[in-house]
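Read it alongside the coordinates.

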Amino acid sequence: MKITKICCIGAGYVGGPTMAVIAQKCPDIQVTVVDLNADRIAAWNDKNVDAIPIYEPGLSAVVAEARGRNLFFSTDVEKAIDEAQLIFISVNTPTKTYGKGKGMAADLKYIELCARQIAQVAKDNKIVVEKSTLPVRTAEAIKNILDHTGNGVQFQILSNPEFLAEGTAVEDLLHPDRILIGGDTTPDGQEAIQSLVDVYANWVPSDKILTTNVWSSELSKLTANAFLAQRISSINALSELCEKTGADVTEVARAIGMDSRIGSKFLKSSVGFGGSCFQKDILNLVYIAKSYGLNEVADYWEQVIIMNDHQKRRFSAKIVQTLYNTVASKKIAFLGWAFKKDTNDTRESAAIYVADDLINEQAQIAVYDPKVPAAKVLADLDYLETRTPESNAQSVASFGTPYEACAGAHAIAVLTEWDEFTTYDWQKIYDGMQKPAFIFDGRNLLHRSEMEAIGFVYHGIGA
Ligand code: NAD
Ligand code: UGA
């Protein structure tokens with residue numbers, strides 16, 4: 001089937017950028033992105049293209065090119081489903097916060113709602129594509145729902161997981177390492193796969209488009225994230241050993257990364273990985289393994305999360321210990337709140353957990369992040385429910401410039417690797433701080449020798 005109309009349910013960090021690039025590259029396909037969140041849709045439709053709800057380098061230009069031509073954002077979910085031949089499900093799949101599998105399993109209620117809505121609305125055959133990251137064998141559940149509440153309409157379910165990373169989403173979408181499409185091995189399944197291959201073939205070389213069975217595709221997505229996160233936990237585990245032994249984790253990472261079998265990427269030691277997916281997807285993998293009775297497999301992968309939690313806690317403990325075992329009433333400036341640079345996303349950011357620990361020690365946190373608004377910082381802390389929102393508001397303040405955030409501070413903690421942090425007038429920052437002036441660089445972003453030459457007491461990770 002030649003696809004001319006696509007619908008995507010979920011206008012988030014994946015749905016928005018992914019569909020914008022499909023629309024840009026396939027001008028003959030009408031792409032409608034729908035969401036229940038009317039504010040989000042309104043922001044995607046904002047006349048000022050820089051006001052779109054997601055900050056990603058290059059994204060507003062792609063949206064500006066395609067929006068209104070063949071890219072549309074709408075809250076009319078039913079109409080978009082009805083009109084489309086191919087429907088991407090790109091809704092959130094967070095960790096369950098209740099009931100069986102609480103804190104581990106993926107919450108599939110939004111996925112099920114989508115499936116039921118598609119079943120209700122569809123009047124002709126549709127291809128339904130899992131774009132969200134899902135537990136292996138979810139396609140079976142979706143198919144059951146579609147087959148049992150549908151009105152004689154035929155559905156093909158494909159798995160087409162997304163591998164983009166935030167901060168580089170547009171680049172990753174334009175030049176993906178691979179596109180993975182899983183589908184039924186039946187002739188109808190293969191035909192559905194081909195329809196989606198044809199969409200991507202508009203800009204992705206055919207040798208980068210990989211087709212598999214549905215279960216391999218679903219599991220590969222969880223596996224890819226688990227392997228990536230495992231590398232970070234591995235290097236972070238070594239960072240602690242480096243600090244004890246006089247080895248330097250950056251040198252170790254370079255030395256092992258030059259072995260082509262190991263490779264140099266994802267070996268950057270840090271205050272711990274964040275983001276909406278690594279933790280949730282590994283917990284999900286652990287839960288799936290446990291549900292099959294594979295306890296050793298579950299324990300093996302769970303260690304990646306345990307190590308990451310340790311790395312975050314170790315960072316805040318080091319700040320307290322270095323500041324003479326008390327941070328009570330001391331101002332600690334946070335440079336960065338986002339979970340990585342070039343995004344306004346703060347989900348599971350290490351900054352949240354480090355701040356929470358330091359507030360427990362009665363510190364005053366002063367935040368500067370180029371893209372994260374003050375309300376988001378407070379909302380992230382409130383979400384932990386460690387203390388009342390009033391109490392959080394008394395302990396944390398956001399500032400419009402780094403100089404204000406750092407003025408009078410006892411210490412600076414670098415939580416995000418924003419490029420602009422390296423360009424500041426660090427002498428001016430030093431002059432305005434309490435002495436001794438400490439820097440805890442959770443990203444090894446600043447140069448130790450330059451900071452020490454100014455007079456800072458500098459602590460990086462793993463050296
Ligand atoms: P998100 O929270 O940014 O966006 C999801 C959107 O879906 C929200 O705007 C929400 O309002 C909407 N939604 C939920 N239920 C709906 C429904 N029934 N009808 C219409 N809209 C509905 O999430 P995200 O970061 O885009 O992630 C989506 C999926 O993609 C997740 O499964 C995630 O694991 C996966 N993923 C994310 C990334 C990433 O970098 N964020 C990368 C690869 C894969
Ligand atoms: C990650 C994967 O890289 C994507 O391929 C995947 O599609 C996505 O998860 C997903 O499924 O959501 P993302 O979380 O957006 O993407 O960003 P990453 O670049 O992977 O960074 C994740 C975290 O690890 C960040 O906090 C980052 O600072 C940290 N990190 C990354 C390190 O601490 N060290 C590194 O060497 C690399």
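The text below takes up the strand, its partners and then the helix.

This is a predicted model.

**Strand β5**

Strand β5 covers residues 126-130. Five of its five residues are buried, so β5 is largely enclosed by the rest of the structure. Burial holds on both faces. K126, V128 and E130 lie on one side, I127 and V129 on the other.

| Pair | Sense | Bridges | Residues opposite each other |
|---|---|---|---|
| β4 (residues 86-89) and β5 | parallel | four bridges | I87 and V128 |

**Helix α11**

Helix α11 runs over residues 278-291 and has 14 residues. From first C-alpha to last, α11 reaches 20 Å. That is close to the 20 Å expected at 1.5 Å a residue.

α11 is mostly covered, with 11 of its 14 residues buried. The buried set includes the run F278, Q279, K280, D281, I282, L283, N284, L285 and V286. I288 and A289 are buried too.

What do the buried residues of α11 pack against? They pack against α9 (214-245) and α12 (295-322).

G293 follows α11. The phi of G293 is positive, near 75°.

Technical notes: Residues numbered from 1 in each chain as written. Chains lettered and ligands numbered in written order. Predicted model: local features only at pLDDT ≥ 70, side-chain atom pairs only at ≥ 80, totals over all residues. Heavy atoms only, no water. Buried < 20%, exposed > 50% of the residue type's maximum accessible area, 1.4 Å probe, protein only. Helix = DSSP H or I, 4+ residues; strand = E, 2+ residues; numbered from the N terminus. Pairing = 2+ DSSP bridges. Expected span 1.5 Å × (residues − 1). Contact = heavy atoms within 4.5 Å.
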